[in-house]
Amino acid sequence: MDLNLLVALDALLEENSVTAAADRLSLSPPAMSRTLARIRRATGDDILVRTGRTMVPTPRAVELREETRDLVRRATAVLTPVRRLDLAGLNRHFTVRGHDALLAALAAPLIARVGATAPNIHLSLLAESSADRPDLARGQVDLEIGADEPGRPEISSEVVGTDRIVLTLRRGHPLAKGRVGLDKLVRMTFVTVSRRGRLHNAIDDALAERGLRRRVIASLPTSAAALDVVSRSDAVAVVAERVCRPASARLGLVTRRLPLELPPTQVVLTWHHRHDSDPAHAWLRGQVRDVLREATDGTAKGRSTTGRPRGSA
């Protein structure tokens with residue numbers, strides 16, 4: 001058995017493309033096509049079949065995907081020597097992408113931590129894309145920070161904290177005084193925060209269950225933009241309380257509890273499983289984890305899909 005076929009199979013099942021898998025493994029597309037043919041002979045299954053312009057996995061391939069991923073990860077860990085991380089001499093460039101409010105809470109303390117400990121590490125902090133793209137799998141992004149846990153088996157994740165959702169409005173708003181009930185809430189004018197431009201979210205669903213509707217006049221791509229609008233108008237917004245607190249304070253905004261039972265929003269780190277055993281990446285994850293736990297309530301206690309105990313990188 002040529003165990004290199006497992007590595008190729010893992011790439012093919014992640015990319016669902018001979019060309020993309022070849023690029024990932026630094027092979028030519030004809031060489032990857034020949035490898036796929038060998039995998040087909042070894043497994044007795046087509047693995048990937050063409051549907052129009054794309055390739056889709058067979059049912060057997062879907063069954064093999066997670067097991068193959070785990071085997072490759074474990075083999076990589078076995079064959080990778082344990083290295084002591086030299087932070088002072090480490091020269092790496094990491095790209096971190098995330099929700100703007102989380103990046104705002106993260107940026108200054110993370111840059112200070114990295115600069116003090118690993119001065120040759122360079123960071124690129126990117127805003128979320130308006131479309132879901134497999135940039136973690138392609139190696140274009142090293143770490144993502146958001147509210148959603150991944151749905152793909154090759155993506156590792158860790159929930160590092162939670163934050164409460166609150167209503168924010170300007171201090172002189174006509175409805176700012178006192179408790180906000182449902183009657184007052186539906187009289188307000190809202191702007192939403194959505195990287196895809198959505199006007200509808202969980203608040204509308206909760207109101208609809210009570211036979212109520214709110215007025216949404218606009219969506220904005222970032223919390224910062226929404227809070228700026230709120231500070232200069234009678235519009236209100238719903239944001240994460242703790243991570244948006246510094247920006248709200250600078251703009252003189254006030255917050256009120258929502259008269260709806262909504263679950264707290266999660267703070268989730270995600271990365272490609274190829275970095276599970278990378279000491280430098282693990283160190284960066286640890287720095288990001290610590291900063292975000294300080295910025296949120298940290299009640300999630302580091303739950304990780306990789307199965308390592310809390311506090312391990």
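This is a predicted model: local features need pLDDT of at least 70, side-chain atom pairs count only at pLDDT 80 or more; totals for chains, interfaces and linings use all residues.
Local features were taken at pLDDT of at least 70 and side-chain atom pairs at pLDDT 80 or more, whereas totals for chains, interfaces and linings use all residues. Residues are numbered from 1 along each chain as its sequence is written, and side-chain values use heavy atoms, without hydrogens or water.

Helices (DSSP runs of H or I, at least four residues) and strands (E, at least two) are numbered from the N terminus. Helix 1 (residues 4-15) packs against helix 4 (residues 59-79) at about 125 degrees, with the axes 9 Å apart; axes are lines fitted to C-alpha atoms over the stretch in contact, and angles run from 0 to 180 degrees between N-to-C directions. The two helices are therefore oblique to each other, given that angles under 35 degrees count as roughly parallel, over 145 as roughly antiparallel, 65 to 115 as roughly perpendicular and the rest as oblique. Contact (heavy atoms within 4.5 Å) involves Leu6, Val7, Leu9, Asp10 and Leu13 of helix 1 and, from helix 4, Ala61, Leu64, Arg65, Thr68, Arg69, Leu71 and Val72.

A nonpolar core is a set of buried Ala, Val, Leu, Ile, Met, Phe, Trp, Tyr and Cys residues joined through side-chain atoms within 4.5 Å, buried meaning under 20% relative accessible area with a 1.4 Å probe, protein chains only. The largest such core holds 37 residues, of which Leu106, Ile145, Leu269, Val288 and Leu292 touch the most other members. Helix 11 (279-295) is among the elements giving two or more residues, and its contribution of 7 residues is the greatest. Apart from this core lies another, of 17 residues, including Leu9, Ala22, Leu36 and Ala61.

Note on methods:
Buried means under 20% relative accessible area, exposed over 50%, partly exposed in between (1.4 Å probe, protein chains only).
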